[in-house]
Amino acid sequence: KYNLPTEGKSFKSFNLISWYVEWQNSIKNIDTITHNATDSPKRQFNSIELISLSRPVLPLISIRTIIQFVVWALKEIPLSLIYLLLGSWQRALMLGEAGLALNMRLLPRERLAKQYLFNNSGAIYRPIWTYEAEAKGAEILFYYYSCNCDGFQLPNGIGQNNHASKFMTWPKYLIWDEHQIEYLHRAISKQSNYEIVGPIWFSDSQTELPSLNGDTIAIFDVQPQNMSNYHLLGLDFDYYRPNIAVKFIEDCVYVAKEKAFPIYWKRKRDIGRLAHPKYINFTKNIIKQNSIFAIDPDISAYRVIEKSSFVISMPFTSTALIAREIGKPSCYYDASGILRLNDRAAHGITIIQSREALIEWIEKVTIENDL
């Protein structure tokens, strides 16, 4: 529901639907946008109906196509079961996908959307029905609402891509900047078709952001998860550990005190009990002791950045790129001191690795920007 526009608020909402409407290459003069946020009621936005659907492929309505689908199902379901009992599980595994693909193949063109958008949060393999939709003239787009996709580069060797991007076969990717082109070529294919669209707004809430007087620092970290969950992820390199996350906040608080700046602190998202207990206990105490305003994680980073004077992000969260796009001084702070200063995942953003260097950076950009 946070991907949808907020209603009746005085502030601008930085959500996916609003971004799409403003995007220069969106389909114009559309009357409906469908989505899978099932907890959001039907409503209008800029004369466009926003409708929740349980699945993206509309059901068949003509008797002829319904009969065709039923005949296929009556043959395919028993066959899949027989193959499964004989030890060939692939047919049964793909039965649901095959059904959606046939549904799309039998669907009349007027019941298709003009565009279907998927994001980088877990969408690796294309649904088979998207090939059928593409063959009928629909545009299939894969968009990155985040750029924190690359593996870390360590001084003793090149980091690896932690995502199975090489398996992606989407026809077109919407990316943020030129630095992401190299990522696409390396992680997916040099033949990848893409369009640079700048930062993509994703989600926002209806919560008002508190206003602070004077210069402020916005810090964006990534909560470390408890160790049992990390073991399930099986990462080859684990950067978001409690000691690094704690030191990141400690050093940012130290710098803010030195400069007498209040802090907007926004977590990447609320992960509840998945957060590491050491991190939870530390942040509770430091908020009580210092001028830190903990921001609701559901509030868009754009709104926080707009009200800030300086932006410090944990490597390599996308907030640093958003700040650069908006025109705010932005850097990555590597509290561990183990990352390469020219890491490709930084997209050209300055990487800082000590408290002293962080203070120097603030003083330098203050002079350069006449803040």
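This is a predicted model: local features need pLDDT of at least 70, side-chain atom pairs count only at pLDDT 80 or more; totals for chains, interfaces and linings use all residues.

The protein chain holds 12 helices and 13 strands, and its C-alpha trace spans about 75 × 50 × 40 Å along the principal axes. Of the 371 residues in the protein chain, 49% are buried. If we take the contacts with a separation of 6 or more, 68% of them are between residues 24 or more positions apart.

Which residues make the nonpolar surface patch of about 820 Å²? The patch is made by Leu-81, Leu-84, Leu-85, Trp-89, Leu-93, Met-94, Ile-128 and Tyr-131. Two helices, α2, which covers 63–85, and α5, which covers 128–135, each supply at least two residues of this patch, and the largest share, three residues, comes from α2. Ile-128, one of the patch residues, lies in helix α5, and Ile-128 counts as partly exposed because its relative accessibility is 32%, which falls between the limits of 20% for buried and 50% for exposed.

Next, the backbone, where a few places deserve a look on your screens. A cis peptide bond joins Pro-315 and Phe-316, with an omega of about -10 degrees. Phe-316 sits in the loop that runs between β11, residues 310–313, and α11, residues 319–326.

The other backbone feature concerns phi. Where is Asn-46 found? Asn-46 is in the loop between β2, residues 43–45, and β3, residues 48–52, and although Asn-46 is not a glycine, its phi is positive, at about 50 degrees. Ser-47 lies in the loop between β2 and β3 as well, and Ser-47, again not a glycine, has a positive phi of about 65 degrees. Is Asn-46 buried or exposed? Asn-46 counts as exposed, because its relative accessibility is 52% and exposed means over 50%. Ser-47, with 61% relative accessibility, also counts as exposed.

Side chains of opposite charge can pair when their charged atoms come close. A search of the whole structure finds 14 salt bridges, and I will go through some of them.

In one of them, the side chains of Arg-91 and Glu-76 meet at 2.5 Å, N to O. This pair links distant parts of the chain, with Arg-91 in helix α3, residues 90–93, and Glu-76 in helix α2, 15 residues apart. Arg-91 is partly exposed, with a relative accessible area of 32%, whereas Glu-76 counts as buried at 9% relative accessibility.

Another salt bridge brings together the side chains of Arg-186 and Asp-150, at 2.4 Å, N to O. Arg-186 lies in helix α6, residues 179–187, and Asp-150 in the loop between β5, residues 139–143, and β6, residues 173–175, so the pair ties together parts that are 36 residues apart in sequence. Here Arg-186 counts as partly exposed, at 31% relative accessibility, while Asp-150 is buried, with a relative accessible area of 13%.

In a further salt bridge, the side chains of Asp-251 and Arg-355 meet at 2.7 Å, N to O. This pair, too, links distant parts of the chain, since Asp-251 is in helix α8, residues 242–259, and Arg-355 is in helix α12, residues 355–369, 104 residues apart. Asp-251 is buried, with a relative accessible area of 1%, and Arg-355 counts as partly exposed at 29% relative accessibility.

Which residues do salt bridges with shared partners join into one network? The network consists of Asp-150, Glu-182, Arg-186 and Arg-344, and the Arg-186 and Asp-150 pair that I described above is a salt bridge between two of these residues.

I will stop there and take questions.

Technical notes: Residues are numbered from 1 along each chain as its sequence is written. Side-chain values use heavy atoms; hydrogens and water are left out. Helices (H or I, at least four residues) and strands (E, at least two) are DSSP runs, numbered from the N terminus. Buried means under 20% relative accessible area, exposed over 50%, partly exposed in between (1.4 Å probe, protein chains only). Contact means heavy atoms within 4.5 Å. Patches are made of residues with over 30% relative accessible area and no salt bridge: like charges are joined within 9 Å, nonpolar side chains (Val, Leu, Ile, Met, Phe, Trp, Tyr) within 5 Å. Accessible areas come from the Shrake-Rupley method with a 1.4 Å probe; for residues, only the protein chains shown count as cover. A salt bridge is a side-chain nitrogen of Lys or Arg within 4 Å of a carboxyl oxygen of Asp or Glu.
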